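Subject: Handover of a structure

Dear colleague,

Please find the structure below, together with its sequence.

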Amino acid sequence: MEAQTRRHAAVVKPSHCCYNPLMPFNLKEFEQLLGPEKVLSDSPSITAYSIDASIYKVTPKAIAVIESRDDLEKVLHYAKANRVPLTARSGGTNLTGNAVGEGIILEFSHLNQILEINDQARWARVQPGIVFAELNKRLAKRGWMFAPDPSSGDMCKLGGMLGNNAAGPHTLKYGATRDNVLEMEVLLSNGRRITAKEYRLDDPHFQKLLVENPFLTDLISLVRRNSDLIESKRPKVSKNSSGYNLFGLADGLARGVFPLHQLLIGSEGTLGFVLEAKIKLVPKPAQTATALVYFDRLSEIGDAVNALLPLSPSALEMMDANSLDLVGRERFGIPNHAAAMLLVEFDASPREKMEEVRRWVGKYRLSAPMTEAFDSESQAELWRVRKAMYPTLYRYDAKKKPINFADDVVVPADRIPELIAYLDRLFAEKGVAVAIYGHIGNGNAHINPLLNVNDPADFEKMVALSHEIHQTVIDRFGGSLCGEHGDGRVRAEFVKALYGPELYDLFKRVKTLFDPEHLLNPGVKISEVPFTEHIDFERLAKQCATCGKCNSVCPVYDVVGEESNAARGWFHIVTDPDYSYEKSARVVEACMNCKSCRTVCPAGIDVSELILKKREERPNRVAGAAFALQERRGLFEPLLKLAAWTQPLWDNRVGRLLVEYLTLPILKGLAPTARIPADMALPRLAKRLLRDRYAPLTRSNSRIAYFHGCAANYFDDGVGDAVIEVLKKNGVETALPPQRCSGTPIQTYGWIDRVRENARFNIASLERFEKVITGCASCTFMLKDYAGLLEGEEQEKAKRLAEKVLHISEFLADALPVKRPSAAPGKKRKVAYHSSCHLRAAGVSKPPRDLLRRHPDLEFVEMADADRCAGGAGTFCVKNPKQSAAIFERKRRGIAESGAEIVATSCPACMIQLQNGLRGKVEVKHIAQLMNEEE
């Protein structure tokens, strides 16, 4: 009720959009136009696309998945005919609310290709749906990079970067997005596709452009007539993304050119839609150097920055004392008296530059000696404090969250210390915890106050602080509202105050010239609606940061490319008050339970766990029958052995066709897409189970247990044998205690009571052992995670078990490193490592790599996307084989590009997927098998 009262407390001025929300939206007509497979309109889709990474929620009518120029033109034609607003969206990582809208959302993620790379001319043509990190990963193979580097680079996409004029730490040297784009192909609201670039005024192509788009002539006249006004209102800062970039147009006209792309970059989808961009490429630095400096006095950091800027650093990042307190001084070894932290980075002549840095900072009062790093691992350690800021803020308080409403102000760089001092006093007076950090070399400060907007007092503080900060930045500091995040909805009402009514009127006229019907992203950038309108109070009470980092590792999103099939979307769908399984079954059944979201989430959310809880309400009957059969070992194991002995008879081309046909009706109960494809490479079944082959170990009194799991026991894959033998070689005899399935596959299909039964059995069986060794990633994770399933004394026992569980790679790397003779010169084989999802979720990532690096007969190479899911996910390769294969494609590329002869992994289930996908082209081995091999 309080939230509703606040929603209506602000007087809302009408927006410029002419869309009438009472007009009926004809969904069937729209589906017929675009194709039903490209239109998302069910409840989960609407929920997922109602939010982005901002504080807002705006409910759309439908989502159009854009896969071609033709698709976009059809949607634009429909929108104009029916007066429906259009909002462009790619990654949905914007902090200002410009990726949500009330009409049709244009999902550009499927336009994600690099169309052309010209090494000689140093440019590339790229589509807007490509992820920034993915773009640079591909460019790096040819020695290039796209220089702007927003902190959301793992999940943001080029389209959003163009819309916001995105920047980041290295903008100091390389500039923002608009400084790194040569031209763009743009669809205008009049339906014409144009090339937006810098034209000479006498260029015949430009004259043709004016003839076909007469409003551009009006735009030129408007800028020329008002050039003095435009120049007088130019913010005196080094970076600015607020308002429309008429400054770039005025500068261009003065030089006899018309740089139309400079206006469109940073326009946040309000003037046109980008179909592709021609971007500048710069050489990827061969060497970098990083310095970490802690200052005792905030006032000295400004002088230090002024002294360092002439050295052309590639980055200058700072954090204030409040930020250092919040991130945890003791945790990161931050000096108690440090008033500010400065990170300095060079990527040209780094060692010489570092000598200069040492000389300069020696003049100041430092809290600790300057730390330097020249290798990537040491540099990552220095950046750790800065990168920990965002996760720390989201775990700081159960109710108070970092709220982005004044998050991107820019002032002259030499006045940053003054700005920070002002902000520290302001937030102290308001009694609000705040983190202030950012790109000090550009004078760009990110301000993240911790507030509970559902608390009326905090809500009023937010409103007051927003007006106070923005007005002070304008009046006292002569700064700008934003440097790289855009105006969106959160700053739109302050744009007029920044530039004054005359220039703001020009902005409105520019908007009308490009978008006469005001259908392109209405309510964004050019709007006087209070920033409190559309705040999502309900969502801001949840734990989720909506940053989208989970999407960057979600294997389903990677191949499907739309938000209702992504971890962030799933979280908001299953936590929506109107959730029901009937409406959201496709979402609940889509998750692979890979746990990758849990590994990267700054707020510590495990989306897959939420999904599994929903599956508990509707456990899968077919899977349940299979699990019940497995529990009847007297029946199940003889049947399995029979299948193993007869495998040559049925595991052939004709037999497999018959298997696929006969099992299809049953598997349809698992999922509509489920089947056992005749061409799927199946694992060899064990004629003698592991426990039969090592029967004496089932009676062993050893204090070291081997929890082999189902795969090592039932499959003839050599993993269980290798674990037992490599431990024996190192003087460790293991026991094979009674054990049941750890529970991962059972939990995946919703049978939680059976999981708990197995957990209790395994805890009791393993209680007497000092250590429990595993060879399976999922078993490792599950044994360590039992405490989350149980309560009371059972939970305490589960915690004690978790402390004893070690994956074989951990045990060998930390306790008993393998010592083997060196191979003869030239005999080393190249090995890459596929990091199993559940082992990463269990916190084990480094030990397997360390073992491979130390192996004298192997040359370890870190392959691209080693930490990405391979698509097997236990039985997911059967549940949805087509999608599983699509997910594996990324892994296949990474392996091929690495040149590896062997792919090592830590999980028998991953071995099956790797073997199925690679088909013998590269050898697949478990880490234990490699450690156990003899010369």
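How much space lies in the largest cavity? The answer is about 120 Å³. A cavity here is a set of points, on a 1 Å grid over the protein atoms alone, where a 1.4 Å probe fits but cannot get out; points are joined across faces, edges and corners, and a volume is the space filled by probe spheres set on them. Eleven cavities of 30 Å³ or more are counted by this rule.

Please note that this is a predicted model, in which local features need pLDDT of at least 70 and side-chain atom pairs count only at pLDDT 80 or more, while totals for chains, interfaces and linings use all residues. Residues are numbered from 1 along each chain as its sequence is written, and side-chain values use heavy atoms, with hydrogens and water left out.

The largest cavity is lined by 15 residues (those with an atom within 4 Å of a point), and Cys544, Ala545, Cys550, Cys601 and Ile605 are the closest to its centre. The lining comprises eleven nonpolar, two polar and two charged residues. In this count Ala, Val, Leu, Ile, Met, Phe, Trp, Tyr, Cys and Pro are nonpolar, Asp, Glu, Lys and Arg are charged, and the others, Gly among them, are polar. Helix α24 (residues 567–574) contributes the most to this lining, with three residues. Helices (H or I, at least four residues) and strands (E, at least two) are DSSP runs, numbered from the N terminus.

Turning to the sheet, six strands form an open, antiparallel arrangement in the order β5-β6-β11-β8-β9-β10; strands pair if DSSP finds at least two bridges between them. β5 (114–118) and β10 (257–259) each have a single partner strand, so one side of each is left without a neighbour in the sheet. Strand β9 (residues 193–200) runs antiparallel to β10 and is joined to it by three bridges. Glutamate 198 has proline 259 in β10 as its bridge partner.

Isoleucine 114 belongs to strand β5. Leaving aside residues up to four places away in sequence, isoleucine 114 touches Arg125, Val126, Ile130, Leu135 and Arg138, where contact means heavy atoms within 4.5 Å.

Finally, there is a pair of helices to mention. Phe206, Leu209 and Leu210 in α8 meet Leu216, Thr217 and Ile220 in α9. The residues of this contact are five nonpolar, one polar and no charged.

Yours sincerely

Methods. 1 Å grid on protein atoms, 1.4 Å probe; cavity = no way out; pocket = protein on both sides within 12 Å on 5 of 7 lines; lining within 4 Å.
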